[in-house]
Amino acid sequence: MTKKELFFIGYLPVPQKLWLLFIMTFLAFFAAFIFSAWAIGLSQNDPGDGRFRFDLGRQTVSGVLETLPYPMIHVTEGSSAIDAGETLMLSGAGKFGVEPHASNLSSTSISATGIILNRGTLRMLQISNPRRNLSVVENQQSISDPLDLGRWRLVGEICDGKCYAGAMRPGRGIAHKACAELCIEGGVPPVFVTTKPVQTHEYLLIGNADGGPISDTLLEKVGIYVSLEGRIEQRGSIAVFLADEGSLEVFP
């Protein structure tokens, strides 16, 4: 006597044991899809907590403008959300910086009005209309000289500071490379995001070894892990990494 085998025939009722097999197979595939989605999500870059702080409203501060390697304001008179003594990188609206207008105001005391972008200790002020919202004030102030923190070799990623601070999330990685290049070319201050903090700084404003904006050589390496050597200066509350492009090493 041979064992009776289960066999599905379309025009007959499905055997009860086959129903159980179908249900178990469906549940297994469903669980596999959920696990795959979770694993793929886990492998993505952390988008972080960066965002526009529209909830704080427009902020107006006064301070001393510094334009190299990229525009920043050393705040002397703060606001409800920005303390005196804080240093903020400055960006324009969209994929543009404020340099064309700010260059005429270098080392002068100015008033600046804009919206804060904030990710951890990385802070930036977006100035929507630099000609209207960056202006000279009568009470001229001075800033202290930069503090030399020595030469360092760092491993990390060059990102555009605006998107990384919260204009886009996660604002880093190869998927964001094209956007970051356009932002930096437009004058948005770039930051070097380190794998390990440098005297508590995880984000450093990055420029060339001569103190100016980064070159095309470094711009081409935005969004990928690199190693760079250079001098680090403390300027107000911001660390500035003046990188030697000749020391550039790309990680495979």
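Author: Happy to! Ser107 counts as exposed, at 56% relative accessibility (exposed is over 50% relative accessible area, buried is under 20% and partly exposed lies in between, with a 1.4 Å probe and protein chains only). Before going on, please note that this is a predicted model, in which local features need pLDDT of at least 70 and side-chain atom pairs count only at pLDDT 80 or more, while totals for chains, interfaces and linings use all residues. Residues are numbered from 1 along each chain as its sequence is written, and side-chain values use heavy atoms, with hydrogens and water left out.

Ser107 sits in the loop between α2 (99–102) and β5 (helices are DSSP runs of H or I with at least four residues, strands are runs of E with at least two, and both are numbered from the N terminus). Its phi is near 65 degrees, a positive value in a residue other than glycine. Most residues other than glycine have a negative phi, and most peptide bonds are trans.

Ala112 has a relative accessible area of 0%, so it is buried. Setting aside neighbours within four places in sequence, its contacts are Gln59, Thr60, Val61, Ile73, Leu125, Ile127, Asn133 and Leu134 (a contact means heavy atoms within 4.5 Å). Arg132, 20 residues from Ala112 in sequence, has its C-alpha 9.1 Å from that of Ala112.

Thr200 is exposed, with a relative accessible area of 69%.

There are backbone details of another kind in two further loops. Pro69 lies between β2 (59–66) and β3 (72–77), and the peptide bond joining Leu68 to Pro69 is cis, with omega about 0 degrees. Pro170 is placed between α4 (161–167) and α5 (177–185), and its bond from Arg169 is cis as well, with omega near 10 degrees.

Two other loop residues show how the chain comes back on itself. Ser237, between β11 (225–235) and β12 (238–250), is partly exposed at 34% relative accessibility. Beyond its neighbours within four places in sequence, Ser237 is in contact with Gly85, Glu86, Thr87 and His201. The C-alpha atoms of Ser237 and Thr87 are separated by 5.2 Å, although the two are 150 residues apart along the chain. Ala209, in the loop between β10 and α6 (216–219), counts as partly exposed at 37% relative accessibility. With neighbours within four places again left out, Ala209 is in contact with Arg231, Leu242, Ala243 and Asp244. Phe241 is 32 residues from Ala209 in sequence and 8.4 Å away, C-alpha to C-alpha.

A disulfide is a covalent bond between the sulfur atoms of two cysteines. Here it is called when a pair of cysteine sulfur atoms lies within 2.5 Å, and that rule gives zero disulfides. The sulfur of Cys159 has its closest cysteine partner in Cys163 at 9.6 Å, which is too far for a bond. Cys179 is in no disulfide either, and the nearest cysteine sulfur, that of Cys163, is 4.0 Å away. Cys159 is buried, with a relative accessible area of 1%, and Cys179 is buried with 15%.

Now step back to the whole chain. It has six helices and twelve strands. Its radius of gyration is 26 Å, well over the 18 Å that the globule rule gives for 252 residues, so the chain is more spread out than a compact globule (the radius is taken over C-alpha atoms, and the rule is 2.2 Å times the number of residues to the power 0.38). Along the principal axes, the C-alpha atoms fill a box of roughly 105 × 40 × 30 Å. Of the 252 residues, 46% count as buried. Among contacts with a separation of 6 or more, 70% come from residues 24 or more positions apart.
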